[in-house]
Amino acid sequence: MTIEVHALEAFYASAGGEAAARLVRARLARLWPALPGMTVLGIGHAAPYLGLWQAEARACLALTTAHAAHGHPPTAWPPVLPGPWPGAARPSAALVAEEEALPFADASIDRILLVHGLEAAENARRLLREAWRVLRDDGRLIIVVPNRLGLWAQLERTPFGHGQPYSAGQLTRLLARHLFRVEAEDAALFLPPYGLRLLRAAAPAVERAGRTLCPRIAGVAIMEAEKDLFSAMPAGAVAMRRRRVMVPAAA
């Protein structure tokens with residue numbers, strides 16, 4: 001079941017949603033501490049997280065897939081952001097597009113953040129192929145998905161309880177099949193998905209303890225992958241078959 005954009009916005013506007021976003025943002029900042037001059041594309045519902053790189057990126061783009069928007073456009077992303085010198089500005093935008101036909105040129109995006117996207121995709125394979133197409137040759141992708149073994153995937157009261165959850169192994173194999181090489185794995189939301197507002201003060205301690213004692217039961221799996229150009233090329237030389245010519249036998 002796909003959760004619609006208005007439900008996502010309502011969750012992140014709540015105290016519990018803000019607490020959850022803060023915990024996930026902390027892990028994303030660890031993986032990508034700075035992206036100066038890069039074009040960053042968020043697919044799914046990435047607006048609560050793109051602010052990590054807003055001030056230094058060349059552009060931040062928040063793309064909601066058409067079936068998730070469902071006639072309800074996402075809240076407008078700021079049209080411009082302050083630039084690094086007077087009179088300069090960095091473009092940013094919110095847009096709606098089909099997941100199977102991203103409106104970007106080949107190799108035009110430096111980084112992609114896919115959150116509330118893969119698990120809700122109508123066709124996850126085509127979405128990943130489109131992500132591979134628009135990424136630059138050295139481009140990287142971070143995927144945040146509900147962890148199949150975690151409690152958050154079992155309860156529909158949060159956005160992470162909707163769609164297709166994944167284990168780390170399943171996600172690794174899916175990325176490999178679509179020409180991505182996993183570079184780093186992480187996890188977040190060891191905090192239970194209820195009483196979030198009351199547990200906000202204890203959240204950092206709970207996260208540290210969960211990461212140490214029971215890393216497999218995190219609420220979300222986080223995986224960074226690099227576009228793997230070598231997987232798209234033949235490995236080794238192609239064997240040549242000798243051409244055989246049949247000659248009629250002599251009478």
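Is A107 buried, partly exposed or exposed? In this predicted model, A107 counts as partly exposed, because its relative accessibility is 30%, a value that falls between the 20% limit for buried residues and the 50% limit for exposed ones.

**Two residues with positive phi**

A107 lies in the loop between β4 (89-97) and β5 (109-115), and although A107 is not a glycine, its phi is positive, at about 55°. Most residues other than glycine have a negative phi. H116 is another residue other than glycine with a positive phi, near 55°, and its place is in the loop between β5 and α5.

**The largest pocket**

The largest pocket in the model has a volume of about 250 Å³. Its lining is made up of 16 residues, and those closest to the centre of the pocket are N147, A168, A187, P215 and R216. Two strands, β7 (180-188) and β8 (220-227), each supply at least two residues of this lining, and β8 gives the most, with 4 residues. Sorted by class, the lining of the largest pocket holds 10 nonpolar residues, 2 polar residues and 4 charged residues.

**Aromatic rings and charges**

The structure holds 4 aromatic pairs. In one of them, the ring centres of W152 and F160 are 6.1 Å apart and the ring planes stand at 75°, so the pair is edge-to-face. The angle decides the name here, because planes over 60 degrees apart count as edge-to-face. Both partners of this pair are buried, since W152 has a relative accessibility of 2% and F160 has one of 1%. Elsewhere, F11, Y12 and Y49 form one aromatic cluster.

| Charged residue | Ring below the charged end | Distance to ring centre |
|---|---|---|
| R111 | W32 | 5.7 Å |
| K227 | W132 | 4.2 Å |

**Cysteines**

How many disulfides does the structure hold? The structure holds 0 disulfides. A disulfide is a covalent bond between the sulfur atoms of two cysteines. As for individual cysteines, C60 counts as buried because its relative accessibility is 1%, whereas C214 is partly exposed, with a relative accessible area of 30%.

**Helix residues and contacts across the chain**

V5 lies in helix α1 (residues 5-13), and V5 counts as buried because its relative accessibility is 1%. The C-alpha atom of V5 is separated by 8.8 Å from that of G44, a residue 39 positions away along the chain. A124, for its part, is found in helix α5 (residues 124-134), and with a relative accessibility of 16% A124 also counts as buried, because the class takes in values under 20%. The C-alpha atoms of A124 and L174 are separated by 9.2 Å, while the two residues are 50 residues apart along the chain.

Methods
Residues are numbered from 1 along each chain as its sequence is written. This is a predicted model: local features need pLDDT of at least 70, side-chain atom pairs count only at pLDDT 80 or more; totals for chains, interfaces and linings use all residues. Side-chain values use heavy atoms; hydrogens and water are left out. On a 1 Å grid over the protein atoms alone, a cavity is a set of points where a 1.4 Å probe fits but cannot get out, and a pocket is an open set with protein on both sides within 12 Å along at least five of seven lines; lining residues have an atom within 4 Å of a point. Grid points are joined across faces, edges and corners, and a volume is the space filled by probe spheres set on the points. Ala, Val, Leu, Ile, Met, Phe, Trp, Tyr, Cys and Pro count as nonpolar, Asp, Glu, Lys and Arg as charged, and the others, Gly among them, as polar. Rings of Phe, Tyr and Trp (its six-membered ring) pair if their centres lie within 6.5 Å; planes under 30 degrees apart count as stacked, over 60 as edge-to-face and the rest as tilted. Buried means under 20% relative accessible area, exposed over 50%, partly exposed in between (1.4 Å probe, protein chains only). A charge sits over a ring if NZ of Lys or CZ of Arg is within 6 Å of the ring centre and within 35 degrees of the ring normal. A disulfide is a pair of cysteine sulfur atoms within 2.5 Å.
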